[in-house]
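Good morning, and thank you for joining.

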Amino acid sequence: MKKSPLPLQNLGAKDKRRKCGREALVKLLRWNFGHPDFRGNQLEAIEAILSGRDCFCLMPTGGGKSMCYQIPALAKTGIVLVISPLIGGLMALKEKGIAAEFLSSTQTSQLRNKIHEDLDRGQPSICLLYVTPELIATSGFMSKLKKIHGRGLLNLIAVDEAHCISSWGHDFRPSYRKLSSLRNQLQDVPILALTATAVPKVQKDVIDSLNLQNPLVLKSSFNRPNIYYEVRYKDLMDDAYADLCDVLKSAGDVCAIVYCLERTTCDDLSTHLSKNGISCAAYHAGLNNKLRSSVLDDWICSKIQVVVATGIDRKDVRIVCHFNIPKSMEAFYQESGRAGRDQLPSRSLLYYGVDDRKRMEFILSIAESKKLQSSDSEHGLSKKSTSDFNLMVEYCEGFGCRRKKILESFGEEVSASLCKKSCDACKHPSLVAKYLEELTTAIAVRQRNGFSKILSSSTDAFENENFSEFWNRNDEASGSEEDISDSEDGFEVAKGISRSKFSKKTGINEKIELLQRAEENYYRNKAHDKQANRPDKNAISGALRESSKQRLLDALKHAHQRLGDLKVDFEASSTILENECFKKYGKSGKSFYYSQVASKVRWLSTTSSAAEITNQIGTGIKSPLENITRKEEPSPQTVSTILHDERKNEVNKVIGEQHCGDIESKTSVKASTPQMQTKLPAIPSFSQFVNSRKSKEMQQPKASEEKEHHHSPNKHTKKRMRLQ
Ligand SMILES: Nc1ncnc2c1ncn2[C@@H]1O[C@H](COP(=O)(O)OP(=O)(O)OP(=O)(O)O)[C@@H](O)[C@H]1O
Ligand SMILES: [Mg+2]
């Protein structure tokens, strides 16, 4: 529906600096966009701009940044210039009767002339002019701008996606660098810098590069409460493709984007999904223009449900899947943020795989070395490096709230309660903890098998620049990037996250039985192996120790990033921590060792005190796990660590009460000596633990028999100790 402009639009002709009151601005918002009121910092930004002040505005994706320049364009006679790599939303504006146009050097001369004619008129009808950063750099356009400014008609320069100006950002675009001259060329025109992704370093870079003068800096929280964050572990799945297929099918007929690292993965995945009845298409720069625009059209008019790998955008995207790990938290935030821009419940699902991680690390290391070789700073690659990628890895591999991790990576201090169980780690803590333990095992296996295949395929992809837009973001916006419908499809966030091949819906008793059987098998196999002189499969290899050391090293570095003041030698400290794990559990087999390493990593990722870490490493004796369980609330634990801890307690009790009389211990631990209090108690086998509990339960109703039991060793608990 076309609307006639409100009389307000003409108020500025004589009085350009006249203040538009809040009420008038709200009226404009309601009239033109149908929104009842301003959101977040919108009004503050608008008021600053209308008063002629520069403004730096940080808002999450979908936060409504566009409104900060669209309303000023409607509030004053004249033109608001919008510099953006995307022209999303232009059609929607036109449909609302707002005189917005896009000008680029790639348009037909006929179209360009029409726009120029309008701009030359005494009172142009255009109020919002979208241009690419390239156009700004052309002398012809700059002199046109100066003329418009000379006539007092240039009200504002809005630089959208302003982080693209910073080579510290994840999406650096050399063309944005040219915007640095704007301030000098058009001195008294207020500049508004808008971004959803700015770590403090990028923020400063944007403000400095655009030469903003005493800007009003507005920062909103990056939290996207309507997005449910989840990570699924490819290494624990039989078939990640099939899993993704199930997710998309069970979500119903909703709009989704799947990001992949390489174009071939996009094509394969798209073919696979299509074969499985999901309407879907690949969309990447490797396709010819005709195909690209037909895919885009089909997606826009909902003929297809899913696009794989794309930079295109719709407001009603319900699911964003990353089929490969993104290269940084910023990139992840930006892309996952394409879900739920209409504020309705949506979902971000990341498929994490060790192969993918290794591939990305390799790519980043090549990019890094290429960058070092090149003295040209405008190489198109950002200064993002492997250390930024580690944050992304921590998001996937670390314990604790995913939302908190995202927000903390942007320097926002938040409590985990903010999440309100809207990430898998908060909603299903023990299940996620279990996956992470299983993942540790899987990583060790992959480590043994080597990664040479992954690396060689990555080299090919890198050399052939075969990445999807997901990696290669230097493509300029094509005129086809349009925001579309505001359709308000209801969406129920898909339920049920248990899908690991390790997880079955078994009750606790069945689980206990399974564990007991597994343990029996373990000892049986161990005996056979010994007889046959075969190497112990449960032995802890040097490679495994190295990988554990690396995990601890990463965790220490992250703790340093998080806490700031960690005065320890990282290498030496990781060795101390790993040695501690090995000393305690080296003989007990892999699973105990893993679990101890995982506990330490968890402690490093959650502790809020750098001093605590320094002390621990300084003393080098105490177990962080002991610390956590004693001093703080326990963090989410896996079934096995819970059982493990319970088992330790139980053994303590058994040892204390029965003086070890009924346990045939092969350790040199003496329960009654004072030494026992400081040393970790010997750990019984799982069956031993379960049976000792069972026997206790049996004993309880028969108090009279209790004495007798103390003297007659229970046959169930008469098993060897695990520590040997
Ligand atoms: N005050 C408001 N009330 C309700 N909805 C709003 C308001 N302001 C903006 N919106 C809506 O929010 C959605 C996102 O707005 P917009 O595209 O401006 O976000 P953005 O911050 O630019 O996001 P991105 O970083 O993804 O570009 C749009 O559908 C827009 O109409
Ligand atoms: Mg925007």
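First, the conventions. This is a predicted model, in which local features need pLDDT of at least 70 and side-chain atom pairs count only at pLDDT 80 or more, while totals for chains, interfaces and linings use all residues. Residues are numbered from 1 along each chain as its sequence is written, chains are lettered from A and ligands numbered from 1 in the order in which they are written, and side-chain values use heavy atoms, with hydrogens and water left out.

Let us turn to ligand 1. It is surrounded by 16 residues, where near means having a heavy atom within 4 Å. D37, G62, K65, S66 and R341 are the closest. By class, this shell holds three nonpolar, seven polar and six charged residues; Ala, Val, Leu, Ile, Met, Phe, Trp, Tyr, Cys and Pro count as nonpolar, Asp, Glu, Lys and Arg as charged, and the others, Gly among them, as polar.

Which side chains place a polar atom by an oxygen or nitrogen atom of ligand 1? For S66, a polar side-chain atom lies 2.5 Å from a ligand oxygen. For Q42 the distance to a ligand nitrogen is 2.9 Å, and for R39 it is 3.0 Å, again to a nitrogen. The protein covers 86% of the 640 Å² of accessible area that ligand 1 has on its own (Shrake-Rupley method, 1.4 Å probe).

Next, the cavities. Helices α16 (386-397) and α22 (542-563) each supply at least two of the lining residues. The lining divides into three nonpolar, three polar and five charged residues.

Finally, the individual residues. S574 sits in helix α23 (residues 570-585), and its side chain reaches the backbone oxygen of E571 at 2.8 Å. Is S574 buried or exposed? It is buried (under 20% relative accessible area), because its value is 1%.

N214, in the loop between α10 (200-209) and β7 (216-219), has a positive phi near 40°. N214 is exposed (over 50%), with a relative accessible area of 61%. K421 has a positive phi near 60° and is exposed at 56%.

Definitions and conventions: Helices (H or I, at least four residues) and strands (E, at least two) are DSSP runs, numbered from the N terminus. A polar contact is a pair of N or O atoms within 3.5 Å; within protein, one must be able to donate a hydrogen and the other to accept it, and residues adjacent in sequence count only if both atoms are side-chain atoms. Buried means under 20% relative accessible area, exposed over 50%, partly exposed in between (1.4 Å probe, protein chains only).
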